[in-house]
Amino acid sequence: MAIQLGRNQYGKAENRIVRVYRDTDRHRIRDLNVSSSLRGRFEDAHITGDQSDILTTDTQKNTAFAFAKEKGVDAIEDFALTLADHFIARSPGADGARIEIEEYGWDRIPVDGAGHDHSFVRSEAGTRTCVVNMDGSGPNRQAHVISGLKDLVLFKSTGSEFHGFFEDKYTTLQPTKDRIMATSLVARWRYDHLDVAWDKSHAAIKALLLRQFAAVHSLALQQTLYSMGRAVLEQHPEVAEIKFSAPNKHHFLVDLSPFHVENHGEVFIAADRPYGLIEASVERDDASDPGSAWHAVPGFC
């Protein structure tokens with residue numbers, strides 16, 4: 001029996017970087033959670049303990065913080081691509097890099113009808129995400145960008161049905177033509193190329209997802225997700241595919257009859273578990289080869 005090292009990677013996870021721009025009296029902030037990892041020829045580090053080809057995780061951390069000042073932070077996709085390029089070039093044993101960034105939004109606090117110059121409140125409208133997977137360096141490098149969002153909590157008080165499902169002897173769920181539909185959406189989409197206005201594209205896709213959730217009369221969460229994905233692909237040719245993970249945040253009508261009170265769809269109990277988990281991919285039939293784009297991106301079918 002032969003034993004050998006399998007796939008591996010290493011890096012520095014969850015570097016909390018807050019970049020404050022003070023070039024004018026009206027400050028700007030970018031609040032990031034940056035994780036980096038490298039993959040490549042690291043057999044010696046694992047098998048013999050030889051670290052000569054290892055760009056340490058501490059160095060990766062320091063680089064991310066230094067680049068936030070030296071390179072600046074605009075679109076998180078650009079920052080991730082810059083870090084991936086640098087790490088592959090600097091690490092003797094690296095063939096590939098994976099950079100994942102979460103960005104936490106902040107809104108200006110309104111004072112006398114205008115946003116304050118240097119005071120902010122955390123936005124609750126989801127967390128922006130991106131994952132860059134890069135293989136090789138120089139003109140032959142292969143770089144893939146997946147952008148997205150998570151923790152986007154959506155709630156629809158009507159306009160949602162669920163009926164006609166298969167039933168067996170264990171089925172107790174009652175069909176309904178009027179229910180609450182709620183989820184905490186995770187969406188990630190793969191760009192077909194790198195010539196993208198990242199901030200503009202992300203904002204437009206997020207707005208489109210929200211519009212579709214609100215406007216489409218839903219017969220199931222599955223149908224809603226498909227309509228959201230289809231709209232994105234129809235209106236954004238730069239996107240090759242989009243994936244969703246959507247826990248069904250159940251709301252059950254409370255029986256108030258013991259108190260002689262009628263409840264006409266007004267009082268619910270929000271149940272946190274167990275929950276249905278709906279996952280789906282929507283893709284173009286001529287989508288480009290994803291390569292390593294989805295490497296180590298968990299939570300999707």
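**Exercise 1. Is histidine 260 buried or exposed, and where does this residue lie?**

Solution. Start with the relative accessible area of histidine 260: the value is 77%, so the residue is exposed (exposed means over 50%, buried under 20%, and partly exposed in between, with a 1.4 Å probe and protein chains only). Finally, look at the backbone: phi of histidine 260 is about 60°, a positive value although the residue is not a glycine.

Before going on, please note that this is a predicted model, in which local features need pLDDT of at least 70 and side-chain atom pairs count only at pLDDT 80 or more, while totals for chains, interfaces and linings use all residues. Residues are numbered from 1 along each chain as its sequence is written, and side-chain values use heavy atoms, with hydrogens and water left out.

**Exercise 2. Describe the backbone at aspartate 151 and at the bond from arginine 273 to proline 274.**

Solution. Aspartate 151 has a positive phi, near 55°. This residue lies within strand β7 (residues 142–156), and its relative accessibility of 41% makes it partly exposed. Now turn to arginine 273 and proline 274: the peptide bond between them is cis, with omega near -5°. Proline 274 sits in the loop between β11 (268–270) and β12 (276–283).

**Exercise 3. How many aromatic pairs does the structure hold, and what geometry has the pair of tyrosine 191 and tryptophan 198?**

Solution. There are three aromatic pairs. One of them joins phenylalanine 162 and phenylalanine 165, which are stacked because their ring centres are 5.3 Å apart and their planes meet at 20° (rings of Phe, Tyr and Trp, the last by its six-membered ring, pair with centres within 6.5 Å; planes under 30 degrees apart are stacked, over 60 edge-to-face, the rest tilted). Phenylalanine 162 is partly exposed, at 26% relative accessibility. The pair of tyrosine 191 and tryptophan 198 is edge-to-face, with 5.0 Å between centres and 75° between planes. Both tyrosine 191 and tryptophan 198 are buried.

**Exercise 4. Which arginines lie over the ring of tyrosine 21?**

Solution. Take arginine 19 to begin with: its charged end is 4.0 Å from the ring centre of tyrosine 21 and sits over the ring (NZ of Lys or CZ of Arg must be within 6 Å of the centre and within 35 degrees of the ring normal).

**Exercise 5. What surrounds histidine 27?**

Solution. Histidine 27 is found in the loop between β1 (10–21) and β2 (28–40). With a relative accessible area of 17%, histidine 27 is buried. Leaving aside residues up to four places away in sequence, its contacts (heavy atoms within 4.5 Å) include Tyr21, Arg108, Asp117 and Phe120.

**Exercise 6. How many residues separate aspartate 195 and glutamate 238 in sequence?**

Solution. The separation is 43 residues, while the C-alpha atoms of aspartate 195 and glutamate 238 are 8.5 Å apart in space. Aspartate 195 belongs to the loop between β8 (181–191) and α4 (198–215), and at 70% relative accessibility this residue counts as exposed.

Key
Helices (H or I, at least four residues) and strands (E, at least two) are DSSP runs, numbered from the N terminus.
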